[in-house]
Amino acid sequence: MVRISPQACVDIADTLRFTEVRLGESVRNRYQDLLQETFLALAEQPRPAGSRLRDELAPGLLSLHLSFNVLQMTDGRVIRPRHIVFYRAGTDQIVEILRVLHDAMEVAQNLKHLHQQ
């Protein structure tokens, strides 16, 4: 099961809005599918290849960069995802998506609220 935090919902909406404005509706739809597929895959396997334990940011925090998946567009363009999913995997079979941040963002600054939880 996947639970998406309110802040992650904002991150996702902002990302999809920006993607559509910048790259078009078809890329936005592909990126949305990629996010959904990633979240479902994390529910099945919370520690896939490429995931990292990020205890330096918050205890039990995990991350997965979406760069493992390249989006090939029908017009020949190749889109390389630039976002990192930050999540926790509980012992109760629930994966909580906490943030979805662009890899150029200051990660520690955007995750400092997790130390207060």
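A salt bridge, as the term is used here, is a side-chain nitrogen of Lys or Arg within 4 Å of a carboxyl oxygen of Asp or Glu. The structure above is a predicted model, and a search of the whole of it turns up 5 salt bridges. We will come back to some of them once the layout of the chain is clear.

Let's start with that layout. The chain contains 3 helices and 7 strands. Followed along the sequence, they come in the order β-α-α-β-β-β-β-β-β-α. Of the 117 residues in the chain, 36% are buried.

Take helix α1, residues 6-23. Its 18 residues should span 26 Å at 1.5 Å a residue, and its end C-alpha atoms, 25 Å apart, agree with that. Which of its residues are buried? They are Ala8, Asp11, Ile12, Thr15, Leu16 and Thr19. These residues cover an arc of only 125° around the axis, so they sit on the same side of α1. The face of α1 turned away from the buried side carries Pro6, Arg17, Phe18 and Val21, which are exposed.

With 20 residues, α2 reaches 29 Å from its first C-alpha to its last, close to the 28 Å expected at 1.5 Å a residue. Val27, Tyr31, Leu34, Leu35, Thr38, Phe39 and Leu42 are the buried residues here. Looking down the axis of α2, you would find these buried residues within an arc of 130°, so they line one face of the helix. Glu25, Leu40 and Glu44 are exposed on the other side of α2.

A second salt bridge joins the side chains of Asp14 and Arg17, at 2.9 Å from N to O. Here both partners belong to helix α1, and being 3 residues apart they are separated by about one helical turn. Asp14 counts as partly exposed, at 39% relative accessibility, while Arg17 is among the exposed residues of α1.

Arg82 and Asp103 make another salt bridge, with their closest N and O atoms 2.7 Å apart. Arg82 lies in the loop between β5 and β6, and Asp103 in the loop between β7 and α3 (107-111), so this pair ties together parts that are 21 residues apart in sequence. Both partners are partly exposed: Arg82 has a relative accessible area of 40%, and Asp103 one of 27%.

Next, turn to the largest pocket, which holds about 380 Å³ of space. Of the 20 residues that line the pocket, Thr15, Phe18, Thr19, His83 and His102 are the closest to its centre. Helix α1 gives the most, with 7 residues. By type, the lining residues of the largest pocket divide into 10 nonpolar, 4 polar and 6 charged.

The cut-off for exposed is over 50%. Phe18 and Arg28 are 10 residues apart along the chain, and their C-alpha atoms are separated by 8.5 Å.

One last stop is a detail of the backbone. Gln93 has a positive phi of about 70°, although it is not a glycine. You will find Gln93 in the loop between β6 (83-89) and β7, where it is exposed, with a relative accessible area of 62%.

Note on methods. Residues numbered from 1 in each chain as written. Predicted model: local features only at pLDDT ≥ 70, side-chain atom pairs only at ≥ 80, totals over all residues. Heavy atoms only, no water. 1 Å grid on protein atoms, 1.4 Å probe; cavity = no way out; pocket = protein on both sides within 12 Å on 5 of 7 lines; lining within 4 Å. Points joined across faces, edges and corners; volume = space filled by probe spheres on them. Helix = DSSP H or I, 4+ residues; strand = E, 2+ residues; numbered from the N terminus. Nonpolar A, V, L, I, M, F, W, Y, C, P; charged D, E, K, R; others polar. Buried < 20%, exposed > 50% of the residue type's maximum accessible area, 1.4 Å probe, protein only. Expected span 1.5 Å × (residues − 1). Arc of directions from axis to C-beta.
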